[in-house]
Amino acid sequence: MRILIISDIHANLTALETVLEHAGEVDGTWCLGDLVGYGPDPNECVELVRALPNLTCLIGNHDAAVVNQMDAATFNPEARVSIEWTLQQLSLPNLEYLAQLRNRIVVENVTLVHGSPRSPTFEYLLDTHLATINFAYFDTPYCFVGHTHLPAQYLLGNGQGHANLLIPQPNQVTRLASRSIINPGSVGQPRDRDPRAAYAIFETQNNSWDYRRIPYDIQSVQKRMKAHKLPERHIQRLAAGW
Ligand code: ZN
């Protein structure tokens, strides 16, 4: 099966539509959470994701914040402004949809979480030390994570005590090594200084990982953010990818 892997859409409809079109035909989609927060199109993004065939979707920390599963006070002031704006915008059915999403799902030979297997919604896997600790918290060959908005592959080879970090090259297909923790990057708010939308295609037959970057119309998203008076910093960062 050809599975589309998306994460951290963050209410950026233009990036999401561009990714869905670029990905072409797939047998299913696994979405690693954060459908909303930061961007100008929360309802449109939730509705588009919900309608995808054979969808498996997780809750992210921003989704959890808008449905009050966590305290928005833990976010920085600008992120809080955007969470409050998002809450005002979201329709009741879309809020209810976000509220019932789970934070950890095992599908095929993969554990899916937003943050980390140890702390599915909140922990940021930002280095090999944290990744090493987290290999003890799942037992499938692979774990797919989002949350950091940074594409990465952490590998724990046979007999190895410490994970290695591999920064994947865009538009290259690799065969995933068992065991690994893999982050496809962010659709709607990349933070690796590459503003292009990030996603991956996972082929379940041979465990291949096709990691892709694709440009989208950032200015149109910025225009909508301006019109909604969303925080300037969030508008600026899209163009530079940080
Ligand atoms: Zn996120």
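Guide: Let's start with helix 7: what covers its buried residues includes helix 1 (13-23) and helix 8 (232-240). Contact here means heavy atoms within 4.5 Å. Keep in mind that this is a predicted model, where local features need pLDDT of at least 70, side-chain atom pairs count only at pLDDT 80 or more, and totals for chains, interfaces and linings use all residues. Residues are numbered from 1 along each chain as its sequence is written, and side-chain values use heavy atoms, with hydrogens and water left out.

Visitor: What makes residues 218-227 a helix, and which of them are buried?

Guide: A helix is a DSSP run of H or I with at least four residues, a strand is a run of E with at least two, and both are numbered from the N terminus. Buried means under 20% relative accessible area with a 1.4 Å probe, counting protein chains only. In helix 7, I218, S220, V221, Q222 and M225 are buried. Just after helix 7, K229 has a positive phi of about 55°.

Visitor: How many helices and strands does the chain have?

Guide: The chain has 8 helices and 12 strands, and 58% of its 242 residues count as buried.

Visitor: How do you know what the radius of gyration says about the chain?

Guide: The rule, for C-alpha atoms, is 2.2 Å times the number of residues to the power 0.38. For 242 residues a compact globule would come out near 18 Å, and the chain has 17 Å, so the two agree.

Visitor: What share of the contacts between residues at least 6 apart in sequence join residues at least 24 apart?

Guide: That share is 73%.

Methods
Buried means under 20% relative accessible area, exposed over 50%, partly exposed in between (1.4 Å probe, protein chains only).
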